[in-house]
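Please look through the sequence and the structure before reading on.

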Amino acid sequence: MPDLSLELALLRRGVQPVAGADEAGRGPLAGPVVAAAVVLPPDLSGCEGWLQLLDDSKRLTASRREQAFEVVQEHSLAWAVAIVEPAEIDCIGVGVAALRAMLAAADALSVRPAHLLLDYIPVRHCDYPYDTLVKGDSRSYSIAAASNVAKVTRDRIMRDYEESYPGYGFARHKGYATALHLERLREIGPCDIHRRSFAPVAQARLEFDEHTDQ
């Protein structure tokens with residue numbers, strides 16, 4: 001479970017505000033990378049109740065993630081999201097896109113962070129003092145909060161894409177490489193939100209083109 005040890009250590013050094021940042025959507029074949037940044041309240045006493053609703057978003061059910069998103073919206077000092085679309089992911093690579101989204105979310109906060117706590121990602125340049133933490137969403141409440149905001153936001157986007165791009169099952173698999181998604185890719189080919197640089201999409205496109213040319 002995450003805790004506040006990292007945030008409190010920074011606070012004792014006079015470093016505040018501290019923002020946690022995380023992303024969702026590095027692995028899917030379709031849709032954007034979405035990142036969030038969250039600044040918890042400066043007075044963390046008495047926060048234990050709602051903070052315990054937070055955890056690494058991958059450990060929570062969809063309903064628990066929605067609940068976590070709601071408490072972050074209600075109780076955080078500031079939160080923001082940033083999105084990198086599939087076409088840009090194809091141009092710059094998904095790793096660069098994930099970092100770009102996380103830093104853009106930090107830039108979009110209504111308060112400028114004095115320090116960032118990032119779920120682990122290689123960083124070449126950052127305008128903020130930062131720590132990048134392996135399994136940070138399981139160690140820091142700030143990162144766990146950002147993890148849930150990013151995941152819920154991205155899932156909502158993918159559910160909306162179900163109407164714009166019917167037939168792929170985006171509301172079910174959220175763009176990940178499930179058997180259903182790969183089958184539909186081969187049957188109807190990629191759509192505008194597929195990541196053409198990802199090998200399964202490129203292969204499915206070849207198979208679709210070969211089938212339609214026959």
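## Aromatic pairs

There are three aromatic pairs in the structure. Rings of Phe, Tyr and Trp (its six-membered ring) count as a pair if their centres lie within 6.5 Å; planes under 30 degrees apart are called stacked, over 60 edge-to-face, and the rest tilted. One of the pairs is formed by Tyr 168 and Phe 170, which are stacked, with 5.2 Å centre to centre and 20° between the planes. Tyr 168 and Phe 170 are both buried, where buried means under 20% relative accessible area, exposed over 50%, and partly exposed in between (1.4 Å probe, protein chains only).

## Basis of the report

The model is predicted: local features need pLDDT of at least 70 and side-chain atom pairs count only at pLDDT 80 or more, while totals for chains, interfaces and linings use all residues. Residues are numbered from 1 along each chain as its sequence is written, and side-chain values use heavy atoms, with hydrogens and water left out.

## The sheet

Five strands form an open sheet in the order 3-2-1-4-5, with mixed pairing. Strands (E, at least two residues) and helices (H or I, at least four) are DSSP runs, numbered from the N terminus, and two strands pair if DSSP finds at least two bridges between them. At the edges are strand 3 (78–84) and strand 5 (130–133), each of which pairs on one side only. From one strand to the next the twist averages 20°. Axes are lines fitted to C-alpha atoms, for helices over the stretch in contact, and angles run from 0 to 180 degrees between N-to-C directions.

Helix 5 (residues 94–107) packs on the sheet and touches strand 1, strand 2, strand 3 and strand 4. The direction of helix 5 makes about 35° with that of strand 2. Contact here means heavy atoms within 4.5 Å.

## Strand pairing

Strand 1 (residues 18–24) pairs with strand 2 (residues 33–39) in the antiparallel sense over six bridges. Within this pairing, Gly 20 has Val 38 as its bridge partner, and Glu 23 has Ala 35. Strand 1 also pairs with strand 4 (residues 115–119), in the parallel sense and over four bridges; there the partner of Gly 20 is Leu 117.

Strand 2 and strand 3 run antiparallel and are joined by seven bridges, with Trp 79 of strand 3 as the bridge partner of Val 38. Strand 4 and strand 5 pair in the parallel sense over four bridges, and Leu 117 stands opposite Asp 131 of strand 5.

How many residues of strand 1 are buried? Seven of the seven are, so strand 1 is largely enclosed by the rest of the structure. In a regular strand the side chains alternate between the two faces of the sheet. Both faces of strand 1 are covered: Val 18, Gly 20, Asp 22 and Ala 24 are buried on one side, and Ala 19, Ala 21 and Glu 23 on the other.

Strand 2 is also largely enclosed by the rest of the structure, because seven of its seven residues are buried. Val 33, Ala 35, Ala 37 and Val 39 lie on one covered face, and Val 34, Ala 36 and Val 38 on the other.

## The loop residue Leu 29

Leu 29 sits in the loop between strand 1 and strand 2. Its relative accessibility is 3%, so Leu 29 counts as buried. Leu 29 and Ala 177 are 148 residues apart in sequence but 6.2 Å apart in space, C-alpha to C-alpha. Not counting residues up to four places away in sequence, the residues that Leu 29 touches include Gly 175, Ala 177, His 181, Leu 182, Phe 198 and Val 201.

## Helix 3 against helix 6

The axes of helix 3 (residues 62–75) and helix 6 (residues 141–164) come within 9 Å and cross at roughly 120°. Helix 3 contributes Arg 65, Glu 66, Ala 68, Phe 69 and Val 72 to the contact, and the residues from helix 6 include Ala 145, Asn 148, Lys 151, Thr 153 and Arg 159.

Lys 151 belongs to helix 6. With a relative accessible area of 17%, Lys 151 is buried. Not counting residues up to four places away in sequence, Lys 151 touches Ala 24, Ser 57, Arg 65 and Tyr 176.
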